[in-house]
Amino acid sequence: MIKLILYILPFIILFLPNIWVNYILKNNNKILSDMPFTGNQLGKKILEEQKIHNVSIEPIKQLDHYNPIEKKIHIGEDKLNKKSITSIAVVAHEIGHAIQDKENYKPLIMRQKLIEKTMIFQRLGSFLLIIGLPSIFAFTKSPFITFIAAMIIMGCLSTNVLIHLITLPVEFDASFKRALPILQKYVPKENMKQCRSVLRAAAFTYLAQSIVSIFRLKIILFSFINIFKSMIRR
């Protein structure tokens with residue numbers, strides 16, 4: 001039993017941030033009858049007040065984010081037009097990034113440059129993953145070269161985690177320095193505790209998602225390694 005717990009514990013620790021983020025966002029995404037606006041409506045009002053006229057808010061099926069190149073705020077369809085704490089807080093958080101962009105906030109600019117510079121590593125890792133480690137092994141007949149390729153894939157595709165970890169202060173700035181003061185003007189005091197929880201979860205979203213994606217990649221790589229071992233034994 002103890003061995004099983006010790007085996008499962010690392011997996012739980014890795015998934016815990018993502019579980020927590022999803023719980024907070026889902027738990028606070030309930031419709032509030034007394035809420036006067038949706039996240040979309042409040043977002044447009046905030047953009048107008050901040051005199052940010054070149055940024056639009058659009059629905060997306062994937063992860064909420066602000067695109068500084070396209071000047072678009074993408075919010076999940078499940079929350080954009082909802083009168084909920086999650087809706088207004090997540091929209092405010094992403095507008096926080098738009099405000100950073102408008103003010104030429106240096107850490108945001110640095111993050112964008114890091115993402116652009118590490119794109120080549122992402123592409124290299126994806127290319128090697130698409131080729132497939134078994135194919136590399138079949139071509140080279142070398143367990144060592146195949147192992148090196150696996151490590152390169154892991155390293156290349158792990159750059160996202162590193163970037164989000166290094167630039168986590170950018171997320172907290174968007175949530176608590178930019179978004180929170182704005183929400184305090186519109187949200188009743190009794191709901192501010194919930195807003196802070198959602199803003200905190202929004203700050204950790206990218207990092208939590210990256211950790212889970214790397215964990216899934218690790219499972220794939222270990223599966224390949226087990227295949228190699230069985231092939232070598234033959």
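How many helices and strands are there in the protein?

## Overall make-up

The protein has 10 helices and three strands; helices here are DSSP runs of H or I of at least four residues, strands are runs of E of at least two, and both are numbered from the N terminus. From the N terminus on, the order of elements is α-α-β-β-β-α-α-α-α-α-α-α-α. Of the 234 residues, 44% count as buried, where buried means under 20% relative accessible area, exposed over 50% and partly exposed in between, with a 1.4 Å probe and protein chains only. Among contacts (heavy atoms within 4.5 Å) between residues at least 6 apart in sequence, 74% join residues at least 24 apart.

This is a predicted model, in which local features need pLDDT of at least 70 and side-chain atom pairs count only at pLDDT 80 or more, while totals for chains, interfaces and linings use all residues. Residues are numbered from 1 along each chain as its sequence is written, and side-chain values use heavy atoms, with hydrogens and water left out.

## Helices α2 and α3

Two packed helices are described by the angle between their axes and the distance between the axes. Helix α2 (residues 39-49) and helix α3 (residues 85-102) have axes that come within 8 Å and cross at roughly 30°. Axes are lines fitted to C-alpha atoms, for helices over the stretch in contact, and angles run from 0 to 180 degrees between N-to-C directions. The helices α2 and α3 are therefore roughly parallel to each other; angles under 35 degrees count as roughly parallel, over 145 as roughly antiparallel, 65 to 115 as roughly perpendicular and the rest as oblique.

On the α2 side, the contact is made by G39, N40, L42, G43, I46 and L47, and on the α3 side by S87, I88, V91 and I95. By class, this contact of α2 with α3 has six nonpolar, four polar and no charged residues. Ala, Val, Leu, Ile, Met, Phe, Trp, Tyr, Cys and Pro count as nonpolar, Asp, Glu, Lys and Arg as charged, and the others, Gly among them, as polar.

## Helices α4 and α5

Helix α4 (residues 106-117) packs with helix α5 (residues 119-131) at an angle of about 35°, their axes being 4 Å apart. I115, E116 and K117 of α4 meet M119, I120 and F121 of α5 in this contact. The contact of α4 with α5 has four nonpolar, no polar and two charged residues.

## Residue H53

H53 is found in the loop between α2 and β1 (56-60). At 58% relative accessibility, H53 counts as exposed.
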